[in-house]
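Keep the structure open as you read.

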There are 2 protein chains.
Amino acid sequence: MVNIGSCSVVMLDGATKGIPAETAPFLIGEIGQKGWNLLAEDLPLPLAVLRQDDIAHNSRWMRDFLHASGAQIAPHGKTTMSPDLFNLQIEDGAWGITLATVQQVKVARKYGHRRILLANQLVGRAAIDGIFGELKADPAFEFFCIADSVANVRALARAAAEWHLSRPLRILVELGYPGGRTGCRTIEEALRVAQEIAGSGGRLSLAGVEAFEGLLRGTTASETRELVEAFLARLLDLAAQCDAAGLYGSGRPILSAGGSAYYDIVVDKLQRHALNSRYTLLLRSGCYLTHDSGMYRRAFEQLRTRNPALAAWSGGLRPALEIWAYIQSRAEPSKAIANFGKRDASHDDLPVAIKWFRPGGSMSQPERIPCGHRVIQLNDQHCHLEIAADSPLAVGDMVAFGISHPCLTFDKWRTLYVVDENYTVVSAVCTYF
Amino acid sequence: MVNIGSCSVVMLDGATKGIPAETAPFLIGEIGQKGWNLLAEDLPLPLAVLRQDDIAHNSRWMRDFLHASGAQIAPHGKTTMSPDLFNLQIEDGAWGITLATVQQVKVARKYGHRRILLANQLVGRAAIDGIFGELKADPAFEFFCIADSVANVRALARAAAEWHLSRPLRILVELGYPGGRTGCRTIEEALRVAQEIAGSGGRLSLAGVEAFEGLLRGTTASETRELVEAFLARLLDLAAQCDAAGLYGSGRPILSAGGSAYYDIVVDKLQRHALNSRYTLLLRSGCYLTHDSGMYRRAFEQLRTRNPALAAWSGGLRPALEIWAYIQSRAEPSKAIANFGKRDASHDDLPVAIKWFRPGGSMSQPERIPCGHRVIQLNDQHCHLEIAADSPLAVGDMVAFGISHPCLTFDKWRTLYVVDENYTVVSAVCTYF
């Protein structure tokens, strides 16, 4: 596996979350030489750790899935906003990186990434100028964005004219659905947007069609699958109509969908379709790399039901991101307070206590936490844990928490610590939110 | 008012959230010379802005309140984690800074703060060593932490013995309540912890008693007030018993309570009590400085009911923190999507649309947003806005959102932009989460 974080020149010191307070400034790339071990209490908690072996496993799992399916991936970089992890994904064969904002694009550009899909409308003068400036400065920069309105396309065409680029701005038309987020609600509207792009006199180029199915929810798993499949069928219809009308620009057009929940359905549905050989099928899952212990664990259980053989490959995805904290108070028999909170972990879903360890005692490694330990509330800096009366947890014990979901945990940490199977820190990655 | 952010030497560039992508690295202290104006579209959105006049107003309001009440404040620095804003608070007379973790303490120390209350138990080898190391290195560092268990106090006494400090570690005993967070559930337990501190052979010193009433909620406002007052009465009882038993160390003992919701009750209850002249009454509110448009707006409405004269001073606290975003999609008549989300604003309470502006048109300044605009959902990078069919909002319009609450908005931004009344950026502050 890639030596995560080795190339970074960021400085850390004792004011960095997770670094011992007395530590003088040092290069992040040197952290592996410190010999710091979490279980030996070398580091203050809370601490966000990436389990090296599980990251490597998940990265391989997705690479194998893509190889078997013929799809490509532009993993959504907004999940981690860590250029070191983008590098790992590119080295494992990713087509490019998906991002959500121009600032995120700029971070990836600063760290050398050349093919970027902005999965959003490009709106506002500073954002538009930022992208055109990057395109002007680097002829090798391949950039794609999406659009769902004629007004937005016209604004982009005007900007393209002002910037006198030597190549057109490449745009995917976004299809949405009633009640959804962005994206044209009907195929007719999407075609109007596509025509506006194609009719821009070469300033813009229709690079494909795009949709985000990840927020669709039925009342049952099979209803959800039907909703997703029906939506993807409409995307195929739009793609075919763009093709029939000759709206695509040069190059192989892109057919993009697939967040972190239903990418197997996307592959099944779009791969089966005859159009597939005409298009680059581009998934955008961002969360597979760390997976999680909640939202995406449940999503993977549904995938397991849909496709048992796929889910069984190498045992499936593994949660690779853990938050470690101390028990700092056991003021009631049925309650313990751990020293982390919303400042340290996502709280869309509450974290899950998974392991515990008593430093300095007879335990040689963390043990699975017994039944009867449940997170019931997070404050900014505190976690309320409901515990059984016979819980072994005492003040000063360490507990590992699984999180859900990774996007809103990564953004709580400017540095995450990569650990080996013994919880020795081998490297670290920076985030740029 | 203090020239916020003027002394910082942090570098910003186009990869920083809120800075135009093409911007070369520059010192944050120079940002006011750029002449950037939000309404002129000089900056990419989303953008977190601090309204300079409102920050100054709120800072004065709290200073006046403290002056009138005789209480002191150690504002909870975890809210902003911005040393520039800590400086403003200290210059307005704050006793010191409250913090939640040792990393936060280290940040304040790095920026020269000398009197710090850690409103948490000090747990774990790295955390304990971090604090003792700071105390050893700087005899002028005044540090206080809290404790709620004999085991924790014994661990601190052992560490103090190992570190051979020339002065004792100062600890406040924390009183809690059944079902609450940290803090001894009974006065008897709290006295045992206090006795353990006092009996440490001079290694530790009992500096006072502490409680956090901010999570108490009755079913009505008057029931909440009764709960808070009853809890504070128990705190006074504990304080008196510690005094009667001669447990306090040298110096004037501290009586500390008062988060951002009920500080007026704390002052009423503890000031009226005869004990007051014996103690330093120390509030810890962190949110007054920016206030908000949700949780603390409602809390202030309750304060207005309890104490109309106080709330009326200079018109009361004002929301000073706004998130600006573009409308990036209007794909349905009754829905607009703005380009910010959970990555940019707290989502305990949903943000509130308050103003809008159409760049490049005939509007000279933002206007109050008409009725019928309501945030109904936040995703990581998107805001779903339910709008009236006759909403003026179009793709490319700007909307200002009020937030709730500030703590979980500050931690989404490494830099926040201080603006004047015309939304010209006059300075910026950094955060260290």
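Let's settle one term before anything else: buried area is the accessible area, taken with a 1.4 Å probe, that two parts lose on being put together, summed over both. What you have on screen is a predicted model, in which local features need pLDDT of at least 70 and side-chain atom pairs count only at pLDDT 80 or more, while totals for chains, interfaces and linings use all residues. Residues are numbered from 1 along each chain as its sequence is written, chains are lettered from A and ligands numbered from 1 in the order in which they are written, and side-chain values use heavy atoms, with hydrogens and water left out.

Start with the interface. Between chain A and chain B the buried area is about 5800 Å², with 51% of that given by carbon and sulfur atoms. Count contacts (heavy atoms within 4.5 Å), and 69 residues of chain A touch 69 residues of chain B. Of the interface residues of chain A, 100% are also interface residues in chain B, so the copies meet through the same surface.

How are the two chains related? Superposing copies by least squares on the C-alpha atoms of residues with pLDDT of at least 70 in both, chain A goes onto chain B with a rotation of 180 degrees and 0.0 Å of shift along the axis, at an RMSD of 0.0 Å. The two copies are thus related as by a two-fold rotation axis. To find that axis from chain A, look for A:Lys412, whose C-alpha is the nearest one in the chain, 3.9 Å from the axis.

Now for the helices of chain B. Helices are DSSP runs of H or I with at least four residues, strands are E runs of at least two, and both are numbered from the N terminus. Axes are lines fitted to C-alpha atoms, for helices over the stretch in contact, and angles between N-to-C directions run from 0 to 180 degrees. Angles under 35 degrees count as roughly parallel, over 145 as roughly antiparallel, 65 to 115 as roughly perpendicular and the rest as oblique.

Take α6 (residues 187-198) and α7 (residues 221-244) of chain B: their axes come within 10 Å and cross at roughly 40 degrees. α6(B) and α7(B) are therefore oblique to each other. On the α6(B) side, B:Ile187, B:Ala190, B:Leu191 and B:Ala194 do the touching, and they meet B:Arg234, B:Asp237, B:Leu238, B:Gln241 and B:Cys242 in α7(B). By class, this contact has six nonpolar, one polar and two charged residues; Ala, Val, Leu, Ile, Met, Phe, Trp, Tyr, Cys and Pro count as nonpolar, Asp, Glu, Lys and Arg as charged, and the others, Gly among them, as polar.

α6(B) also has α5 (residues 150-163) of chain B for a partner, with axes that come within 9 Å and cross at roughly 10 degrees. That makes α5(B) roughly parallel to α6(B). Here B:Val150, B:Val153 and B:Arg154 of α5(B) contact B:Arg192, B:Val193, B:Glu196 and B:Ile197 of α6(B). This contact splits into four nonpolar, no polar and three charged residues.

Finally, the backbone. Most residues other than glycine have a negative phi, and most peptide bonds are trans. In chain B, the loop between β2 (26-27) and β3 (47-51) holds B:Pro46, and the bond from B:Leu45 to B:Pro46 is cis, with omega near 10 degrees. B:Glu41 is found in the loop between β2 and β3 too, and B:Glu41 has a positive phi of about 65 degrees although it is not a glycine. Over in chain A, the bond from A:Ser404 to A:His405 is cis, with omega near 0 degrees, and A:His405 lies in the loop between β18 (398-402) and α11 (407-410).
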